[in-house]
Amino acid sequence: MDDLDRLTNSLLAEVATTDSAAAVEDLRVAALGKKGSITGLMKTLGAMDAEERKAKGQAFNAAKDRISAALDARKTQLGQREMDARLSFERVDVTLPVRAESQGRIHPVSQVTEEITAIFADMGFKVAEGPDIEDDWHNFTALNIPPNHPARQMHDTFYLPPKDTGETILLRTHTSPVQIRHMMSGPPPHRIIAPGRTYRCDSDMTHTPMFHQVEGLVIDRNIHMGHLKGCLEEFTRAIFGIPDLRYRLRPSHFPFTEPSAEMDIGCSRKGGVLKIGEGDDWLEILGCGMVHPKVLEAAGIDPNEWQGFAFGMGIDRIAMLKYGIPDLRAFFEADVRWLRHYGFSALDVPTLSGGLVR
Ligand code: DAH
């Protein structure tokens, strides 16, 4: 065995023992790099005569190719091994059940929004949306609340700096502007609810500057107060899970409905404890009415052909009532201890068939 064979064999043995891509590259440099052992042999060719150079040159090149190929093969093999190790390490068993101790909880506002949506979806309502930053026209004027109307003061509006065009913009004070946007987005009939954030400059136990409302709107032919009454009766009984829940529609006033009403549900306040569905007291839960002809006209709908009803209620308030949560401000403090107590499991998806009341 000559020197070349010995060197080649020892290099090939070394290749077989490398244990990382980096070790393979180190060995490549040691054998085939500028100062490598094989490269060193190549350099001796210059001093040989033509005959010898031809024979040795071929042998050196063959050895170089063998070693280079062995290095490449080893590198691929190690890469594959690394990948296999990583894949088995990072493997997740997708058949495992969700961990019961999972930290995240669904906020009561999200849960109640889902509950409300499930009930109205069952009655054929779709969910509509509008922007939090509204213009004066959608939030007030189109809803039959003209400039200087007392309702504007009542809403304690957060105004934003006017647009370059001089247009007044604000944080919507209620979800009612979504009625207008939806009616203008396509021809009747319409049957939507619009849950979302609303804003008023107000803060105490039962008011926060940001809160949530859900708006309802039905526009069709020959719609009357009977439809409104049936729809809201169904809703209140479903959301509170009380099939014979007492309620009444009490005459009221809103600029965007005529006639207008507020809905009260039966409750008891004995001993300072509020119990829904018991006793002979009343609790106001929403505003509603027949959409005012001026509102239909503002949205481009002919009031002689189409009628409808609308309603609006506070989602946070429904959540407080339903789940016995005393202080509204805690809803928005992002305290995980509070959320762990009042929150819901992500698996507790509200459905009518599964039940909305826990
Ligand atoms: N927008 C009213 C408010 O924020 C609630 C309301 C009352 C909405 C009557 C309606 C309605 O659609 O018909 O106080």
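**Cysteines, strands and a ligand**

Guide: Let us start with a pair of cysteines: the sulfur of Cys231 is 9.8 Å from the closest cysteine sulfur, in Cys288, which is too far for a bond. This is a predicted model, in which local features need pLDDT of at least 70 and side-chain atom pairs count only at pLDDT 80 or more, while totals for chains, interfaces and linings use all residues. Residues are numbered from 1 along each chain as its sequence is written, and side-chain values use heavy atoms, with hydrogens and water left out.

Visitor: How many disulfides does a search of the whole structure find?

Guide: A disulfide is a pair of cysteine sulfur atoms within 2.5 Å. Cys288 is in no disulfide, as the nearest cysteine sulfur, that of Cys231, is 9.8 Å away. For the whole structure, the number of disulfides found is zero.

Visitor: Is Cys288 buried or exposed?

Guide: The terms rest on relative accessible area: buried is under 20%, exposed is over 50%, and partly exposed is in between (1.4 Å probe, protein chains only). Cys231, with 8%, is buried. Cys288 has a relative accessibility of 2%, so Cys288 counts as buried.

Visitor: And Asp3, is that residue buried or exposed?

Guide: Asp3 has its place in helix H1, residues 3–17; helices (H or I, at least four residues) and strands (E, at least two) are DSSP runs, numbered from the N terminus. Asp3 is 38 residues from Leu41 in sequence and 9.8 Å from Leu41 in space, C-alpha to C-alpha. With a relative accessibility of 57%, Asp3 counts as exposed.

Visitor: Which residue in E6 does Ile193 stand opposite?

Guide: Ile193 is the bridge partner, in E5, of Val127, and strand E1 (residues 126–127) pairs with E5 in the parallel sense over two bridges. Two strands pair if DSSP finds at least two bridges between them. E5 also pairs with strand E6 (residues 210–220), in the antiparallel sense over 10 bridges. In E6, the residue opposite Ile193 is Gly216.

Visitor: How many of the 10 residues of strand E5 are buried?

Guide: Strand E5 spans residues 190–199 and is mostly covered. The number of buried residues in E5 is seven.

Visitor: What percentage of the ligand's exposed area does the protein bury?

Guide: The ligand is surrounded by 15 residues, the closest being His174, Ser176, Arg200, Gln213 and Glu215. A polar side-chain atom of His174 lies 2.9 Å from a ligand nitrogen, an N or O atom in the side chain of Ser176 is 3.0 Å from a ligand nitrogen, and one in the side chain of Gln213 is 2.9 Å from a ligand oxygen. Taken alone, the ligand exposes 360 Å² (Shrake-Rupley method, 1.4 Å probe). The share of that area buried by the protein is 91%.

Visitor: How far apart do the C-alpha centres of domain 1 and domain 2 lie?

Guide: The protein is divided into domain 1 (2–89) and domain 2 (108–342), with bounds from an automatic or database domain assignment. Between their C-alpha centres the distance is 78 Å.

Conventions: Near = heavy atom within 4 Å. Polar contact = N/O pair within 3.5 Å; in protein donor to acceptor, adjacent residues only side chain to side chain.
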